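Thank you for coming, everyone. I would like to walk you through one structure today, going slowly from the whole chain down to a single residue.

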Amino acid sequence: MGKLAIFKELWGFMKARKKWWLGPIILLLLLLGILIVFTESSALAPFIYAIF
């Protein structure tokens with residue numbers, strides 16, 4: 001299985017079970033994770049972490 005197989009399985013689950021409301025939640029979590037990873041080593045990190 002490839003590295004992106006989890007996304008294919010998740011899409012199949014959402015499509016088969018009509019769980020479309022999971023899409024925005026997963027997208028928000030991914031964006032939040034990317035924000036944390038990219039700001040971890042920058043000078044903005046203290047300001048970003050203060051928000052949360």
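**From the chain to one residue**

Let me start with L27, which sits in helix α2, and keep that helix in mind while we step back to look at the whole. What we have here is a predicted model, and the mean pLDDT of the chain is 83, with 94% of its residues reaching 70 or more. Among the elements, helix α1 (residues 5-17) has the highest mean pLDDT, at 90, while helix α3 (residues 45-51) has the lowest, at 72.

The chain has three helices and zero strands. Its radius of gyration is 15 Å, well over the 10 Å that the globule rule gives for 52 residues, so the chain is more spread out than a compact globule. Its C-alpha atoms fill a box of roughly 45 × 25 × 10 Å along the principal axes, and 12% of the 52 residues count as buried.

Helix α1, with 13 residues, spans 18 Å from its first C-alpha to its last, close to the 18 Å expected, and just after α1 comes K18, with a positive phi of about 55°.

Now back to α2, which covers residues 22-39 and also holds F38. Is F38 buried or exposed? With a relative accessibility of 65%, F38 counts as exposed, because the cut-off for that word is over 50%. Together with L27, L31, I34 and V37, F38 makes a nonpolar surface patch of about 540 Å².

Note on methods
Residues numbered from 1 in each chain as written. Predicted model: local features only at pLDDT ≥ 70, side-chain atom pairs only at ≥ 80, totals over all residues. Heavy atoms only, no water. Helix = DSSP H or I, 4+ residues; strand = E, 2+ residues; numbered from the N terminus. Buried < 20%, exposed > 50% of the residue type's maximum accessible area, 1.4 Å probe, protein only. Patch = residues over 30% accessible without salt bridge, like charges linked within 9 Å, V, L, I, M, F, W, Y side chains within 5 Å. Areas by Shrake-Rupley, 256 points an atom, 1.4 Å probe, with all protein chains shown as cover. Salt bridge = Lys/Arg side-chain N within 4 Å of Asp/Glu carboxyl O. pLDDT = per-residue confidence, 0-100. Expected span 1.5 Å × (residues − 1). Rg over C-alpha atoms; globule rule 2.2 N^0.38 Å.
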